[in-house]
Amino acid sequence: MLIGHLPAGYFLSRALIKKFKIPLTPLWLGLGLVASVAPDFDHAFNLFFQTNINDHRSLLTHIPITYFILALLGWVLYKLKPRRWLKWGLILVLPNALLHTVLDTVFIGIKWLWPFSDRYVGIYNVGYSGGFSVTDYFQHWYWYLEIALWLVAVVAVIISSKKGELK
Ligand SMILES: [Zn+2]
């Protein structure tokens, strides 16, 4: 997924905020949004330390076990020091980061089984050479889904701002 992570993160964050009664403020919504694109921050690392830009899916930010370990650490920390902000932070950050990897699974794939297997799990252009081959991404339904996500999200944000939901 190229541009759809942010609108997808918007919908997931709104759902989590509602379900767990987290205040709908720029801080908490913003945290969810940042988490939804955070796995792609590895592009910065790639730019400076790797020559193959395609390799960013191999970095820890795109490896799901990273987020399961962080969830476990966060849970232990919360058990030791139960703080509401920590709970809310974990509730917003980890599912959004995992949603990112789920959405990236469709194209190229994600190393869901790492460290047990180095293989990408995906559907199209898996590991850049396997799975169903798609030559033009911008003619593919997944690209249209990304655009649709943006359109629906923009409408949702406009409606929400007219209602004055964000405090
Ligand atoms: Zn990504």
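Which residues does Ile22 touch, not counting residues up to four places away in sequence? They are Leu16, Ile17, Trp28, Trp88 and Ile91, where a contact is two C-beta atoms, placed from the backbone, within 7 Å of each other.

The model shown is predicted: local features need pLDDT of at least 70, side-chain atom pairs count only at pLDDT 80 or more, and totals for chains, interfaces and linings use all residues. Residue numbers start from 1 along each chain as its sequence is written.

**View 1. Confidence along the chain.**
The protein chain has an average pLDDT of 93, pLDDT being the predictor's confidence in each residue, from 0 to 100. A score of at least 70 is reached by 97% of the residues. Confidence is highest in α1, at 98, and lowest in helix α3 (residues 42-49), at a mean of 75. Helices here are DSSP runs of H or I with at least four residues, numbered from the N terminus.

**View 2. The largest nonpolar core.**
This core holds 14 residues. Those with the most contacts inside it are Ile22, Trp28, Leu31, Ala35, Trp88, Leu92 and Val93. Two or more residues each come from α1 (5-19), α2 (26-37) and α5 (84-106). A nonpolar core is a set of buried Ala, Val, Leu, Ile, Met, Phe, Trp, Tyr and Cys residues joined through C-beta atoms within 7 Å. A residue is buried if 20 or more other C-beta atoms lie within 10 Å of its own, exposed if 12 or fewer, and partly exposed in between, with C-beta atoms placed from the backbone.

**View 3. Helix α1 against helix α5.**
The axes of α1 and α5 are 10 Å apart, and the helices pack at an angle of about 140 degrees. This angle makes α1 oblique to α5. On the α1 side, the contact is made by His5, Ala8, Gly9, Leu12, Ser13 and Leu16. On the α5 side, Ile91, Leu92, Pro95, Asn96, Leu99, His100 and Leu103 take part. Axes are lines fitted to C-alpha atoms, for helices over the stretch in contact, and angles run from 0 to 180 degrees between N-to-C directions. Angles under 35 degrees count as roughly parallel, over 145 as roughly antiparallel, 65 to 115 as roughly perpendicular and the rest as oblique.

**View 4. Helix α4 against helix α5.**
Helix α4 (residues 64-80) and α5 cross at roughly 170 degrees, their axes coming within 10 Å. The two helices are therefore roughly antiparallel. Residues of α4 in the contact include Pro64, Tyr67 and Leu70, and those of α5 include Leu86, Lys87 and Leu90.

**View 5. Ile63 in the loop between α3 and α4.**
Ile63 lies in this loop and counts as buried because it has 20 C-beta neighbours inside 10 Å. Leaving aside neighbours within four places in sequence, Ile63 is in contact with Lys111 and Trp114. The C-alpha atoms of Ile63 and Thr101 are separated by 7.6 Å, although these residues are 38 apart along the chain.

Ile108, in the loop between α5 and α6, is not a glycine but has a positive phi of about 75 degrees. Asn125, also in the loop between α5 and α6, is not a glycine either and has a positive phi of about 50 degrees. Ile108 is buried, with 22 C-beta neighbours inside 10 Å, and Asn125 is buried with 20 other C-beta atoms within 10 Å.
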